[in-house]
Structures are given as C-alpha cells and as structure tokens.
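User: Hello! I am new to this structure and would like to go through it with you. Could you show it to me?

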Amino acid sequence: MPVLRGISIGCVSAYLYASMGMRGLLANLILFWLPAILQSVFLVLFTDAALDTSTSLFRLNFLEQATGAGTKISRCLRIFVVSSLGMLLAAILEGLLAVIFAPVFLK
C-alpha cells in the first residue's frame with residue numbers, strides 16, 4: 001500500500017507542478033508532503049519495534065535464548081497502538097488540509 005500510495009502521490013504531484021507551476025508545488029507541499037512525512041515517521045517507528053520483537057521471538061523459539069521477549073512484545077504492542085493513532089491523526093490532517101487548501105489552490 002505505501003508503494004502504490006507513493007506512486008499515486010508522485011503522479012498527482014507531477015500533474016500539479018506541470019499545470020500550475022510554483023503554485024502547484026506549494027499545494028503539493030501542503031496537501032501531500034506534510035501528512036506523508038508524519039505517516040512515514042510513525043511507520044518507521046512501528047517497523048523498528050516489530051523487527052526487534054521478531055528477532056527476539058526468533059531467538060526464543062529457535063535458539064532458546066529468552067532475553068526479555070515478553071517485555072519486547074508488550075512494547076511492540078504499545079508502539080503499534082501509538083503508531084496507529086499517529087497514522088490516523090496524519091490521515092485526518094490530510095483530509096482537513098485538503099478541505100481547507102484544495103479550494104484555494106485549485107481555483
């Protein structure tokens with residue numbers, strides 16, 4: 001999904017820049033880049049926690065070396081909730097920015 005979303009944002013960005021010039025670039029920065037940066041930060045945060053938890057579970061199951069696996073799982077679940085809420089807030093921000101600024105830029 002992130003790859004397809006990135007491709008579609010790239011196509012829309014190219015269209016905005018080609019059709020409206022610098023005004024389209026500014027619209028692109030406000031409407032797409034700001035929420036996308038927030039979503040990327042939360043995605044990387046969760047991916048880091050998931051990878052750490054996954055390697056801990058691998059060690060526990062195959063190497064029988066339990067170094068705080070339970071703690072890492074609960075940490076990963078907490079980070080998942082925080083990341084999900086952050087991505088939800090970024091999506092709401094994206095919608096609000098589109099409602100507010102799309103009529104300004106797309107006149």
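User: Which residues does Ser83 touch, not counting residues up to four places away in sequence?

Analyst: Before we start, this is a predicted model, in which local features need pLDDT of at least 70 and side-chain atom pairs count only at pLDDT 80 or more, while totals for chains, interfaces and linings use all residues. Residues are numbered from 1 along each chain as its sequence is written, and side-chain values use heavy atoms, with hydrogens and water left out. Ser83 is found in helix α3, residues 69-105 (helices are DSSP runs of H or I with at least four residues, numbered from the N terminus). Taking contact as heavy atoms within 4.5 Å, Ser83 touches Phe42, Leu45 and Phe46.

User: Is Ser83 buried or exposed?

Analyst: The scale is relative accessible area: buried is under 20%, exposed is over 50%, and partly exposed is in between (1.4 Å probe, protein chains only). Ser83 has 3% relative accessibility, so the residue counts as buried.

User: How does Val81, also in helix α3, count on that scale: buried, partly exposed or exposed?

Analyst: Val81 is found in helix α3. Its relative accessibility is 46%, so Val81 counts as partly exposed.

User: What is the accessible area of the nonpolar patch that includes Val81?

Analyst: Such patches are made of residues with over 30% relative accessible area and no salt bridge; nonpolar side chains (Val, Leu, Ile, Met, Phe, Trp, Tyr) are joined within 5 Å, and like charges within 9 Å. Areas come from the Shrake-Rupley method with a 1.4 Å probe, and for residues only the protein chains shown count as cover. Val81 is in a surface patch with Phe80, Leu85, Leu88, Leu89, Ile92, Leu96, Val99 and Ile100, and their accessible area together is about 880 Å².

User: How far apart are the end C-alpha atoms of helix α2?

Analyst: Helix α2 covers residues 22-63, which is 42 residues. The expected span is 1.5 Å times one less than the number of residues, so α2 should span 62 Å. The computed distance agrees with that: the end C-alpha atoms are 57 Å apart.

User: At which residue does α2 bend by about 35 degrees?

Analyst: A bend is the angle between axes fitted to the seven residues ending at a residue and the seven starting there. In α2, a proline, Pro35, follows the bend within four residues. The bend of about 35 degrees is at Trp33.

User: Which residues form the salt bridge?

Analyst: A salt bridge is a side-chain nitrogen of Lys or Arg within 4 Å of a carboxyl oxygen of Asp or Glu, and the structure holds 1. The closest N and O atoms of the pair are 3.8 Å apart, and the partners are Asp52 and Arg75. Asp52 lies in helix α2 and Arg75 in helix α3, so the pair ties together parts that are 23 residues apart in sequence. At 28% relative accessibility Asp52 counts as partly exposed, and at 33% so does Arg75.

User: Which residues does Thr53 touch, not counting residues up to four places away in sequence?

Analyst: Thr53 lies in helix α2, and at 7% relative accessibility this residue counts as buried. Beyond the sequence neighbours up to four places away, Thr53 touches Lys72, Ile73 and Cys76.

User: How far apart in space are Tyr17 and Glu64, C-alpha to C-alpha?

Analyst: Tyr17 is in helix α1, residues 2-20, whereas Glu64 follows α2 and has a positive phi, near 55 degrees. Tyr17 and Glu64 are 47 residues apart in sequence, and the C-alpha to C-alpha distance in space is 56 Å.

Key
Helix = DSSP H or I, 4+ residues; strand = E, 2+ residues; numbered from the N terminus.
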